[in-house]
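Student: Hi! Could you walk me through this structure in simple words?
Tutor: Happy to, let's look at it together.

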Amino acid sequence: MAGIAAVYFLAAKFGLSLAFVNKQVTAVWPPSGIALVALLLFGISAWPGVALGAFAINALAGTPATALGISAGNTLEAVAGAYMLRRYARFDNSLERLRDVLGLIGFAALLSPLVAATFGVVSLCLGGMPWAQFFPVWGVWWLGDALGNLIAAPLLLTWTAQPALAWRGWRLAELLLLAAGLSLVGQAIFTARIAPASSMQSFPYLIFPFIIWAALRFRQRETATAVFLIAGFAIWGALHNVGPFALGTFNERLNVLQAFMGVSAVTALILGAATAEREKAGELFRIVIEEAPSAMVMTADDGKIVMANAQAEMLFGYAPRELVGQPVETLVPLKHRSNHPGLRAGFYRHREARPMGAGRDLLGARKDGGEVPVEIGLTPLNTGQGNFVLAAIVDISQRKHAEERIRKINAELERKVEARTKSLETALNDMEEFSYTVSHDLRAPLRALEGYARMIELKAQEMAAQPREYLRRIRENAMRLDRLTRDVLTFSRIPRQAAEKSKVELEPIVLSVAEQLQANRPDAEILLAPPFPAVLGQESLVFQCVSNIMTNAVIHVPASHKPKVAVSARARGDGVIRLSVSDNGPGIKPEQRELVFKPFVRFSKPSQEPSGTGIGLAIVKKAAERMGGRVGFESTPGEGSTFWFELNGA
């Protein structure tokens, strides 16, 4: 607190030494900038130090009551300025963002001095100054505090934000040259009698090239220092009645001086902030490019490389910065190099972010003459410095190797699958041939056995009943075994591939099967409900489906019951034909449903003779599926079942 008060007091004493309107009013007031910086650095809670310094200096120049009012205004000015900068501008002391500079100009230079000027001039008028002088004195007071915040505050803020000196080599030499030129020209313009004051009115603007130099080539710290030095030269010349501000009364000279210093400070700070933001954006862009995990190359509209990151240099085998300045065709394989300028020109005619060479394999040329497979994404960049293209390049060598390995593995797998398929086809063909041979060879002795049994039965009428029963059973079992072998042969010979389909009329097949069943089981009641639409299928397979599903409905009805079978067909809305066969058999229990269409499965009770071979429904399922159809059933135990198969309508 004491340190702030002491610094404020000393700066205020210098400012009041330039007072011309009133001994407590001056157009040069650096304490306003010092107070603002103190609260920005140490927090608003440091306001008592500002208040103490302001009261002390004003108490020496006036009454305690007047000093109290003036010090209150000075303190509130600093508090208001610091609060608004932190609260609304999110202020950064380095002043390297344009928002910080605009916040300093708006809140600290334009608004907060209103408080001090108003409090101060009212206090002076209450202390005896004529009220007629209110507005002239108020204007000088406001302008002095505003310049203090524009010139003194940036100098202190930037040096505290960046206290370290990092000038080296040519950078230091350039800074020394700037300082020497600024000092020589500043002294020549503002402190030397090189010409009459009346002819030097435009001379102050000769200093602007040095302000621009500082803002464009250095940071805000150097820029604020340059403005402070220029202000020092200008104030000294005005006080000593030399230079461009030596004309008119002292009041008039200071008014012109204030305007010049304000323009200089605002110009320098805004230009410096814009330059710093541009440099930070450029540095951020360079960092993003350099740290990118893939190769990045940026080219200008003339095809020259202006930037290449370390990944690009490693990918193409170049030393750091060796690619910069080279034509981008350097990275294009020799066989494609002559065509590339035309492709590049085509991209510039239709500038949009897109992958390069869509649908083509791209190769990049390495420095050693080798080639590397790559993927490239192109992004156009439009900047104030020209048009550029940023190329993101990904090395896909490993992916290509992996794809080649996968291709070879797939080819080997396909070869093995093909060989295995051929082997399986051979085995299945052998099995079919074997099944046919076995079935054929088995049926021959079975038919002979049945025939001999029938002959014996016919010629042995006088034989006792028991032997005749045995002969009947031999014949029936021979017939059943013959049916079984026939069904096995049918099942095995249904083609594995999809059947060649054509139009098949259902009605003659249904009538033929019904006639045969009626002949074998005269007591059966077979109800047909035409029409029976034509279907797409293979006639032999359709016959197997109809025959087996209708036969299954008859033979599974117990001998003590009269078989009742209903056959119908209907077309669904999607063109599929469903043939349904309902019976009055025993039905299927829930636990048996999963086994219905499996081969060699029968559900006869142990006390009953098996009525079928157990393969008929399996034949239906296999045949229907080979023709692109499907099968199913609904059943209620004790009430009967309805089996169906579906095929596309013709």
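Predicted model: local features only at pLDDT ≥ 70, side-chain atom pairs only at ≥ 80, totals over all residues.

Student: How many helices and strands does the chain have?
Tutor: There are 18 helices and 13 strands. Both are DSSP runs numbered from the N terminus: helices are H or I with at least four residues, strands are E with at least two.

Student: And how much of the chain is buried?
Tutor: Of its 650 residues, 43% count as buried. Buried means under 20% relative accessible area, exposed over 50%, and partly exposed in between, using a 1.4 Å probe and protein chains only.

Student: Switching to helix 4, what span should it have?
Tutor: Helix 4 covers residues 64-88, and at 1.5 Å a residue its 25 residues should span 36 Å; the end C-alpha atoms are 35 Å apart, which agrees. The expected span is 1.5 Å times one less than the number of residues.

Student: Which residue follows it with a positive phi?
Tutor: Arg 90 follows helix 4, with phi near 45°.

Student: Now pockets! How much space is in the second largest pocket?
Tutor: About 630 Å³. A pocket here is an open set of points on a 1 Å grid over the protein atoms alone, where a 1.4 Å probe fits, with protein on both sides within 12 Å along at least five of seven lines; lining residues have an atom within 4 Å of a point. The volume is the space filled by probe spheres set on the points, which are joined across faces, edges and corners.

Student: Which element gives the most to its lining?
Tutor: Helix 13, with 5 residues. The lining has 28 residues in total, and Val 332, His 340, Leu 343, Met 356 and Ile 376 lie nearest the centre.

Student: Is Thr 299 buried or exposed?
Tutor: Thr 299 counts as buried, because its relative accessibility is 7%. This residue lies in strand 1, and its contacts (heavy atoms within 4.5 Å) beyond four places in sequence include Val 328 and Tyr 348.

Student: What about Glu 290, where does it sit?
Tutor: Glu 290 is in helix 10, residues 250-291. At 37% relative accessibility, Glu 290 counts as partly exposed.

Notes:
Residues numbered from 1 in each chain as written. Heavy atoms only, no water.
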